[in-house]
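Trainee: I have a model on screen and want to learn how to read it. Please take me through it feature by feature.

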Amino acid sequence: MTAVPADAMAITTRGLTKRYGARPALAGLDMNVPRGIVYGFLGPNGSGKTTTLRLLVGLLRPDAGSIEVLGQPFSWRDRRRMFRIGSLIETPSFYPYLSGRDNLRVFGAAGPPTRPERVGQVLSGVGLADRARDKVKTYSLGMKQRLGIAAALLSDPELLLLDEPANGLDPGGIVAMREMLRNVTAEGKTVVVSSHILPEVQQLADVVGIVSAGRLVSEGPLTKLLEATGHVRVRVRPDEMVAAAPILRALAADRPLYGVDTGAQAGWFTVSVLPSRASEVNRLLADAGIHAMGLEAGNDLEGLFLQLTQATSAATGPAPLPTSSGTLGPHG
Ligand SMILES: Nc1ncnc2c1ncn2[C@@H]1O[C@H](COP(=O)(O)OP(=O)(O)O)[C@@H](O)[C@H]1O
Ligand SMILES: [Mg+2]
């Protein structure tokens, strides 16, 4: 994510600001969405996600700040966006007595020019091919969501913006959505999905931007976030702590290593690495003749999310991250 050329970005915003009356909704939002990935736009209710997406499709006009979309400055009047950006921002309204397929034909006729065969393609793409002839009033919530996404894909846009698309989906529906979004990014397209639910974003996104009180407070690849919040805890005999420390420190040289040398917890080390490295921790110690008496691995992304979003909701400005990683540093 360092020194990426501008055209590798699907969206960049700088200082994006929007108020509704006197109430600030966005207070200088800087976001960077690389192309070809699923970007999870994560933040609590009221943090400014929908406002941002509405600005990105020209449904709203910013008070200040700039937007670049697909390598070009974007103005809210820009008509080209209709051809390049698909979106599902408000719950789409469909004609309940028309079939899914006929609804898409109506959408296709009203929006940017669409090839007729595209209707069938997008319906299969979202897994609705076998229900395409059924009336929309017989669809489940998840099916209506998918039909909305199919509508957003009709004009074959390069960028897809989906506001809380996983809302109301069961775990199976979220897995199906992940697969569908993978198909979209496999074609080189970019998807932004907003959500206020961390596990949804963890399942869907490659890169995560965390928004709080109208600002982006953290942004980076999901793997980096997981690494920043992951840990492996290992317990050795207290008299072997001195020998174990340099081995463990070498696993994450730029991160703190915590060890407890007295009391009931004596011998426990906490290493700030991905939980998946637990067996490596065990093996390195064993290679040095040190036998682990306990091993645990975990991740506290939830803790980081709460820390970042609660600290800024209290209007104290961006919270520091418990990491020295530049990629995840707070912006602004
Ligand atoms: N049409 C509106 N009129 C007045 N205030 C609004 C309007 N839409 C959103 N807001 C306010 O702007 C802030 C951001 O809202 P929104 O962008 O909808 O956040 P999110 O999508 O993250 O829940 C909130 O404080 C919300 O109450
Ligand atoms: Mg919203």
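**Reading the model**

Mentor: Start with one pair: Gly40 has Val193 as its bridge partner in β8. Strands here are DSSP runs of E, at least two residues long, and helices are runs of H or I, at least four, numbered from the N terminus. Strands count as paired if DSSP finds at least two bridges between them.

Trainee: What should I know about the source and the numbering?

Mentor: This is a predicted model: local features need pLDDT of at least 70, side-chain atom pairs count only at pLDDT 80 or more, and totals for chains, interfaces and linings use all residues. Residues are numbered from 1 along each chain as its sequence is written, while chains are lettered from A and ligands numbered from 1 in the order in which they are written.

Trainee: How many bridges join β3 to β8, and do the strands run parallel or antiparallel?

Mentor: Five bridges, and the two run parallel. β8 covers residues 190-195. β3 also pairs with β9, again in the parallel sense, over four bridges. There, Tyr39 stands opposite Val207.

Trainee: How do I read the two faces of a strand?

Mentor: In a regular strand the side chains alternate between the two faces of the sheet. Now take β3. Val38, Gly40 and Leu42 sit on one side, Tyr39 and Phe41 on the other, and all are buried. Buried means that 20 or more other C-beta atoms lie within 10 Å of the residue's own; 12 or fewer means exposed, and anything in between partly exposed, with C-beta atoms placed from the backbone.

Trainee: Why is β3 largely enclosed by the rest of the structure?

Mentor: Because five of its five residues, 38-42, are buried.

Trainee: Which residues of β6 lie on each face?

Mentor: β6 spans residues 85-88, with Ile85 and Ser87 on one side and Gly86 and Leu88 on the other. Both faces are covered. β6 pairs with β7 (residues 159-162) in the parallel sense over four bridges. Gly86 has Leu160 as its bridge partner in β7.

Trainee: Now the ligand. Which residues are around ligand 1?

Mentor: The shell takes residues whose C-beta atom, placed from the backbone, lies within 6 Å of the ligand. Among them are Tyr20, Arg23, Asn45, Lys49 and Thr50. By class there are two nonpolar, seven polar and two charged residues. Ala, Val, Leu, Ile, Met, Phe, Trp, Tyr, Cys and Pro count as nonpolar, Asp, Glu, Lys and Arg as charged, and the others, Gly among them, as polar.

Trainee: Which element gives the most to that shell?

Mentor: α1, with three residues. β2 (23-34) and α1 (49-56) each supply at least two.

Trainee: How is α1 itself placed, covered or open?

Mentor: α1 is mostly covered, with seven of its eight residues buried. Those include Lys49, Leu53 and Arg54. After α1 comes Gly58, whose phi is positive, near 80 degrees.

Trainee: Why does Thr51 count as buried?

Mentor: Because it has 22 C-beta neighbours inside 10 Å. Thr51 lies in helix α1 and is also one of the residues around ligand 1. Leaving out residues up to four places away in sequence, Thr51 touches Lys18, Ala25, Leu26 and Leu60. A contact needs C-beta atoms, placed from the backbone, within 7 Å.

Trainee: How is the protein divided into domains?

Mentor: Bounds come from an automatic or database domain assignment. Here domain 1 is 6-212 and domain 2 is 221-325 + 328-332. Their C-alpha centres lie 36 Å apart. The contact takes twelve residues from each of domain 1 and domain 2. On the domain 1 side, β2, α7 (198-204) and β9 (207-212) each supply at least two residues, and β9 gives the most, with four.

Trainee: Finally, how far do I trust the coordinates?

Mentor: Check pLDDT, the predictor's confidence in each residue, from 0 to 100. The mean for the protein is 86, and 90% of its residues reach 70 or more. Over residues 314-332 the pLDDT is below 50, and beyond near neighbours in sequence this stretch has 39 contacts in the model. Where pLDDT is low, the predicted coordinates should not be read in detail.

Definitions and conventions: Contact = placed C-beta atoms within 7 Å.
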